[in-house]
2 protein chains.
Amino acid sequence: MAAITTAAAAAPIGGRSLASDELNGIDLYWRAANYLSAGQIYLMDNPLLREPLRPEHIKPRLLGHWGTTPGLNFVYAHLSRQVRRRGTDMMWIIGPGHGGPAAVATAWLDGTYSETYPEVGRDTEGMRRLFRRFSFPGGVPSHAAPETPGSIHEGGELGYSLAHAHGAAFDNPDLVVAAVIGDGEAETGPLAGSWFAGRFADPVRDGAVLPILHLNGYKIAGPTVLSRIPERDLAALLEGHGYRPYVVSGADPEAMHQRMAAVLDIVLDEIADLQRRARESGPTGEVRWPMIVLRSPKGWTGPGEVDGVRIEGTWRSHQVPLTDVRSDPAHLRILEEWLRGYRPEELFDGDGAPVPESTALVPEGPLRISANPHANGGLLLRDLAMPDFRDHAVQVPSPARTSSEATRVLGGFLRDVMAANPADFRVMGPDETASNRLGELFQATDRAWDLDRVAGDDHLAPEGRVMEVLSEHLCQGWLEGYLLTGRHGLFNCYEAFVHIVDSMVNQHAKWLKVSRDLPWRRPIASLNYLLSSHVWRQDHNGFSHQDPGFIDHVVNKKPEIVRVYLPPDANTLLATADHCLRSRDYINVVIAGKQSAPDYLDMDRAIAHCARGVGIWEWASTDAGREPDVVLACAGDVPTLETLAAAQLLRDYLPGLGVRVVNVVDLMRLLPAEEHPHGLAGSAYDALFTPGAPVIFAFHGYPWLIHRLTYRRTGHDHLHVRGYKEEGTTTTPFDMVMLNDLDRFHLVMDVIDRVPGLSVKAARLRQHMQDERLRCRTHTREYGDDAPDIRDWTWRG
Amino acid sequence: MAAITTAAAAAPIGGRSLASDELNGIDLYWRAANYLSAGQIYLMDNPLLREPLRPEHIKPRLLGHWGTTPGLNFVYAHLSRQVRRRGTDMMWIIGPGHGGPAAVATAWLDGTYSETYPEVGRDTEGMRRLFRRFSFPGGVPSHAAPETPGSIHEGGELGYSLAHAHGAAFDNPDLVVAAVIGDGEAETGPLAGSWFAGRFADPVRDGAVLPILHLNGYKIAGPTVLSRIPERDLAALLEGHGYRPYVVSGADPEAMHQRMAAVLDIVLDEIADLQRRARESGPTGEVRWPMIVLRSPKGWTGPGEVDGVRIEGTWRSHQVPLTDVRSDPAHLRILEEWLRGYRPEELFDGDGAPVPESTALVPEGPLRISANPHANGGLLLRDLAMPDFRDHAVQVPSPARTSSEATRVLGGFLRDVMAANPADFRVMGPDETASNRLGELFQATDRAWDLDRVAGDDHLAPEGRVMEVLSEHLCQGWLEGYLLTGRHGLFNCYEAFVHIVDSMVNQHAKWLKVSRDLPWRRPIASLNYLLSSHVWRQDHNGFSHQDPGFIDHVVNKKPEIVRVYLPPDANTLLATADHCLRSRDYINVVIAGKQSAPDYLDMDRAIAHCARGVGIWEWASTDAGREPDVVLACAGDVPTLETLAAAQLLRDYLPGLGVRVVNVVDLMRLLPAEEHPHGLAGSAYDALFTPGAPVIFAFHGYPWLIHRLTYRRTGHDHLHVRGYKEEGTTTTPFDMVMLNDLDRFHLVMDVIDRVPGLSVKAARLRQHMQDERLRCRTHTREYGDDAPDIRDWTWRG
């Protein structure tokens, strides 16, 4: 094995890339952005330093992060210059979320900020407002955030910049996405795994991602790994990931400007060449994307030393480099010297507007990076062309007599969606598309795969639009980037392992929540999860694969954002999927089985049931025309099956008992109407569940979630929930429900225990149910499989 | 930049490492392990094939994973041979969790399995039981799991093998931990980020980790990235991570045995040399650990081709390579040929025991890898030497008149714990130890750091025992590995970002839950979280850093395992920490602020309060001697402050109102006694919270969690909870509580709205409270800070 070297890439690049006027222009822009960044952190008045700086000009609470900011401003200035020269359609992703001041400052210099927020003009008063609102109560956050024009990435939680960048670049062949990766962020697992994304980027149909690894040496208090490993190791690491790294390193502004300009010339040329060759001649072997390693001091251009302690170039400049400026006149003087060092009088005119020379490198209109329409994806969003999901309906002549694999049926529909939307629909999953029985997708497309292919490979192609990598983080990050830039998609995942992206879901939910209140941010397609291979059918994998708690996690998010669906069979899954794919600005969680399971509803009934979200299944109920003695409620495919089997037993053994079967597809219907847009009114809830009859609720997930949703309901005291209570192993499907007391026999026992005034016959039935449990347990332990009458159960009515 | 090359490492290594008897011995062991692995997947009878294979010998449900198994057996055989020759103390970590059959087979061959489970002897009946119990109802899981001797790693969820291995090696200077990493696993973010762990491994005080990257080419259905990238890229990648990779590649068993033996000779020598040099001469510059890249066919030695389709060497051998053996006689024949191909008659004697030649390479007693005591860490666990936490008490002459930074006080105690336990206590955190104000730790130790150090660095040393890397995954994985091998520790983390490891917490909770029912697995130290920089004090960082939902996540786990503590001040935090550090087999979540906040309890009262977990604060209550008109309950530091301020307001304005203040430290006390070991009996709960008075509960987290814990309590209908409802941004502390209606004024309004029969005075107070909210909001929006009377509030009593 031999690694290539890019010694050449680190060597001086001959000639001067920037003529003196260009050098001057870029330096003006950079100084202006740095001035505006520091101003945001410190000033609430006297924005242009037209008078000596006094304590009352300083914000009472200094909140923000300076350390990464000047480096980001440097990158942005150089990218803008290239865009202006080349006309490149370019976004940037700001991995160091702490660089919020840079994102705001550059957007204001570009004019984008004032177009987005007219109250913050490009004048003295506008600058004052810009400074004041940053990290100020009622203002804007300290990070690049939904409020920040030109951003699709909230960098507060580190790790996802490169994945977002690649998601944005998919199916945008003319787009270049510059992804600034902080060296802190680079230590995270998700970012470390995101380097693999380059192996899935198709130079023909996708745009280019330009990673800019920004090494400023420190995190909050400690050094970063990548800034301290030997130079040859860093080169090897990046080359090993398939990149050709170019290094821009130093602290002297002029030399750094020259080098950055030269390197950007090279890498943007390389990207263009690489794309042209691939597009003209088809895939031509190995693709090696260029990238940039930028080494610059943390807190660059900020205070060098304060009170005898080094600030610039150390971790001490991470946040606010000078903290006592309101109380310490010496510190106030240092701040004033620092700010005046940018020479604001050269940068802004008498009205506070940037002088033309300082913004000469800014591109026009939507070419401004801060105004790139891809960063407000809703602007570009088109409705999916939706084939008719009813064409995929399974025939259901009678409930629960036939069986289907729900996700396999869905796979046919998704295939048609994929075929009808060749440019803006992708399916992500950690190598589980076939395992989750969505394999018909591969009739319309392939798995994305740029590396070598060998005999026996299954549906691999560079232009594939099923994205499989064994990283839930990358799947999620790709999809987020794809959706935020105005496209559509679906993430199919094993239910238990979607917890791997819990924290990413939080951040996306927060993004959507804030975006809804920003009129200029247009709605985007919902983030759709299909969770299959769920808790009840981990026959192969056992306990580690059994966790239905993702629902609990998402329902903590803002009700306006989250939707949870538990379609009980194939046709209801089709109707649910159709609804979700058409929706906007939600996180839709759909949980459905992949194993063969009964069909309950024909398509018309499935559509009506899904539209209502919850309903009485009259065909399974025996309470016609009167209040029931008991309600059997259910949500989820396996609980629905057990509930119906219990209803059948009650019908057989206690024919006089009035049993109502209620199935819940849309879990949010259980919440009060005041708490969720889908919540049922109290009267509607009571009409279904009754105010006083015992309700035995068989639930897919942790049972207490149903209580958390219904504790304010009239009949809550009579509600008894069965669900997963963290008991499991590799075993048979029926043994799993028995382990958690969700089985049909236990449900019947629950009914007998809770319906008052039942006969002696009921007591005997209870004993019989216990015997049946023992029979099943014994059979399973003996034969390793469920008893035939359990496996082959169908509804007799 | 120039990358090193290890072309030499890939070249043939001269000579024959194995003499023919050794080669024969290792091949016998490997064949025996492979036979036993396949037997586990398929057979429920006729274990030694003493009669022709018939359908009834086959399990009705074939559950398990063959693909990775023969490679694991190969690795294990060679590691065992080395241990026997060298006497090395060695563990292995099985990254490919799907290799359960290999872990079980080798433990049985070693004799460990039968010692652990005497009912499964090393004889024919034992082998029959071994086969039958695998992935069988009532048996053992399909993965390496707690039930598996010699394992600390449930590989069902991929990504954590390398982090676990490093955690196991810390402070175990004589241990070698061989970590087999699957090429599927290698695509995950957490694993990709775990390569950085090598940069923190101290050759002097830590043991060695030997990564064995096992490339068998495929995941479930697709190829793996690392198996298909160019060879030079793979080398560069691993070298870039600081390793010296040696390649063992091929399919021919004899050649592979020779090569693996030779490479293991080299790498184990290199490790020993590297350690000896470092230990003799101190750190001597760059450390470059050796590692192995093993390329072998997926499903190696399994069926080559079935029905014209290639199986061995492809993704089709991932799970069960032949599925229809019970119904298809041709497939049954192939299975029989496959199994007989291992020549069981040469491997096992007439009684079914392994012949001596097939286990000649197995080391003795605890040197057997499957019997390594580190893999049952409780065996080695020693109690921490515990300094007296009361020495760190803050003086509290009167409640809520003085202030402390709770975590800073804790830092002093942790410093003493660190100093008193120099060999088995570590603190992990993503670069937040100082930020979370635990900086006094650095008086006792440093941050672990093996790379270069420069002027201005803060407390870095190779032997440091504060582990900081900006990867929550690595912190968690390190700590899990450390605890599972019998040591102690603490993970300090920003509250919002502990969600990053939600799924790892699931797996550890499952491990603990299963382990508790295995008498041979001894208790280990609890996994302790200190969550600071919490939701209410993200003044700098805003919405992305605001999420208190980790509590919701952990309370879904088995009640026997999880504990959640919300100490309201410094002394209660000290008492809580002392308790947690002494505990076993729990996941303790402690949430505490780092900002200056009131002290409520002196140390004696703090100890008593923590021992009860929940109690009435009489000094703050006005209900002495009678039933209160209202209960103000609180959990968490900020809610406690607002509750007391509300109590003060009620005292001032409605002096006749009987107010009881109840503080909850141990959240699990709220659950019914039947549902959690800490749950209060109904009578005790009612005595605190009353059966009928309105309860206004100010909670640290999402409010519905309190309802989920208390819905069965008598007074639940009268319970009204305020908490975080996903409203936030960068703003002041008081503005944050106002945004979420948790502020003192709103709590008073809640009281007035819920206590019946209050006077007109109360109505006026309600209006006053609304005015106060407006005053505070206006002040904050104007000045960017909280009003002075809010900032400087103290209890007047």
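Student: Which residue in S2(B) is the bridge partner of Ile93(B)?

Tutor: The partner is Ala179(B). Strands (E, at least two residues) and helices (H or I, at least four) are DSSP runs numbered from the N terminus. The model is predicted, and local features need pLDDT of at least 70, side-chain atom pairs count only at pLDDT 80 or more, and totals for chains, interfaces and linings use all residues. Residues are numbered from 1 along each chain as its sequence is written, while chains are lettered from A and ligands numbered from 1 in the order in which they are written.

Student: In what sense do S1(B) and S2(B) pair, and over how many bridges?

Tutor: Two strands pair if DSSP finds at least two bridges between them. Here S1(B) and S2(B), residues 175–182, pair in the parallel sense over 6 bridges.

Student: What is the order of the strands in the sheet?

Tutor: The sheet of chain B is open, has 5 strands with parallel pairing, and runs S1-S2-S3-S5-S4. Its edge strands, each pairing on one side only, are S1 (89–94) and S4 (243–249) of chain B. On average, neighbouring strands are turned by 20° against each other, direction ignored.

Student: Which strands does helix H10 of chain B touch?

Tutor: Two residues are in contact if their C-beta atoms, placed from the backbone, lie within 7 Å. Angles run from 0 to 180 degrees between N-to-C directions, with axes fitted to C-alpha atoms, for helices over the stretch in contact. H10 (residues 231–240) packs on the sheet, touching S4 and S5 (289–295) of chain B, and its direction makes about 145° with that of S4(B). Helix H11 (residues 253–281) of chain B also packs on the sheet; it touches S2, S3 (208–215), S4 and S5 of chain B, at about 165° to the direction of S4(B).

Student: How many residues of chain B are in contact with chain A?

Tutor: There are 114 of them, in contact with 115 residues of chain A. H10(B) gives the most to this side of chain B, with 9 residues. The side divides into 40 nonpolar, 40 polar and 34 charged residues. Ala, Val, Leu, Ile, Met, Phe, Trp, Tyr, Cys and Pro count as nonpolar, Asp, Glu, Lys and Arg as charged, and the others, Gly among them, as polar.

Student: By what turn and shift can chain B be laid on chain A?

Tutor: Two copies of a chain are related by a rotation about an axis and a shift along it. Here the turn is 180° and the shift along the axis 0.0 Å, with an RMSD of 0.0 Å; the copies are superposed by least squares on the C-alpha atoms of residues with pLDDT of at least 70 in both. That is the relation of a two-fold axis. The same surface serves both copies, as 100% of the contact residues of chain B recur in chain A.
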